[in-house]
Structures are given as C-alpha cells and as structure tokens.
Amino acid sequence: MTSSGLSIRLLELADMDAAARVHRSAFDHALPWLAGLHTPDEDRWFYRERMFATCTLWGAFDGEALNGVIALHDDWVEQLYVLPPAQRRGIGGALLAIAKQGADRLQLWTFQRNARARRFYEAHDFVPVEETDGSRNEEKEPDVRYLWTRADQPASASRAGAFDDT
C-alpha cells in the first residue's frame with residue numbers, strides 16, 4: 001500500500017530490530033517518566049521472540065526507513081508506535097486502517113496519562129470501556145482499555161464490557 005510516499009507492508013523477522021527501535025523511541029518520547037524501562041537488547045528480544053511469534057506486524061516506511069509499526073493479535077492492537085519526527089503525518093491512522101480492514105472490533109490499552117494517544121484513538125472512533133489502577137501492568141501505570149467496533153455492528157456490540165472500575 002502506498003499513499004503520499006508512504007509504503008506499508010507486513011514485517012519480517014529481519015525488520016524486528018528496527019521495530020524495536022521505533023517502539024522505544026516513540027515510547028520514551030510520549031512517556032518520559034517511564035523512559036529506560038528496558039534496554040535496547042531487551043526490546044530487540046521482545047520483538048523477535050514475542051511480537052513476531054504471536055502477532056501480525058505491519059510497518060510504515062518512508063523509503064527504507066521504518067517510521068511506524070502496528071502489532072495485531074486476534075482483536076487486539078498489541079502495539080502501535082510512530083517515530084516522533086514522523087508523527088502527525090497520518091502514519092498511525094494508516095496503520096489503524098490496515099487493522100480495521102480485517103476486523104469487526106479492535107481493542108487496545110493505553111496509559112491514562114498519555115493524553116495524546118487517547119485523543120488519537122478517540123479521533124479514530126475508539127471508545128474507553130475500562131480503566132485500571134495499573135496494578136496489572138508492568139509499568140504500574142493507570143491505564144485505559146479502548147474498543148472500536150465496525151459501524152455496521154449492532155450498537156450493543158460497541159459497548160461490550162462497558163466501563164468497568166477494575
């Protein structure tokens with residue numbers, strides 16, 4: 001897929017180190033209070049051994065440079081990161097569009113304090129359905145689960161599991 005110089009393709013094992021770099025750069029930029037949570041070696045291992053083994057990964061490229069990555073597993077968006085200099089150019093939306101093509105619903109977690117990500121997901125028709133105190137995630141950071149459902153799905157499906165105070 002190509003749009004305005006952007007090409008999107010399925011990622012291969014050889015792309016996992018670049019995907020890990022995109023993840024770390026975007027994560028640390030958006031969440032500086034959590035920067036340094038993992039080493040670059042741990043990030044590369046995570047993408048090669050966990051993400052590649054269990055998810056379908058798509059990447060957005062500008063020429064040869066990987067600028068964004070999305071990891072999908074069943075109806076979950078497990079990861080979605082865009083390099084900071086490439087943000088606000090439609091890359092995240094293009095990656096979400098790929099995910100939505102094959103799904104009737106998608107869900108994902110983001111941190112409650114990540115206001116920019118929350119605005120992004122809400123602008124792409126995701127609705128918050130659950131908030132937690134963070135006790136169940138590695139970062140111990142309060143998070144929020146978002147849900148998207150295809151517009152032609154029954155209204156009740158879009159609020160499935162509607163807002164828990166877990």
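Trainee: Which strand gives the most to the lining of the largest pocket?
Mentor: Strand 5, with 7 residues. Strands here are DSSP runs of E, at least two residues, and helices are runs of H or I, at least four, numbered from the N terminus. This is a predicted model: local features need pLDDT of at least 70, side-chain atom pairs 80 or more, while totals for chains, interfaces and linings use all residues. Numbering starts at 1 along each chain, and side-chain values use heavy atoms, without hydrogens or water.
Trainee: How many residues line the largest pocket?
Mentor: The lining has 46 residues. L80, Y81, W109, T110 and Y121 lie nearest the centre. A pocket is an open set of points on a 1 Å grid where a 1.4 Å probe fits, with protein on both sides within 12 Å along at least five of seven lines; lining residues have an atom within 4 Å of a point.
Trainee: Which elements give two or more residues to that lining?
Mentor: Helix 1 (16-30), helix 2 (40-54), strand 5 (76-82), helix 3 (91-101), strand 6 (105-111) and helix 4 (115-123).
Trainee: Which residues of helix 1 meet helix 2?
Mentor: M16, D17, A19, A20, H23 and R24. Across from them in helix 2 are D43, R44, Y47, R48 and F52. Contact means heavy atoms within 4.5 Å.
Trainee: New topic. How many salt bridges are there?
Mentor: The whole structure has 12 (a Lys or Arg side-chain nitrogen within 4 Å of an Asp or Glu carboxyl oxygen). One of them joins D104 and R150, at 3.5 Å, N to O.
Trainee: Where do D104 and R150 lie?
Mentor: D104 is in the loop between helix 3 and strand 6, and R150 in the loop between strand 8 (143-149) and helix 5 (155-158), so the pair ties together parts 46 residues apart in sequence.
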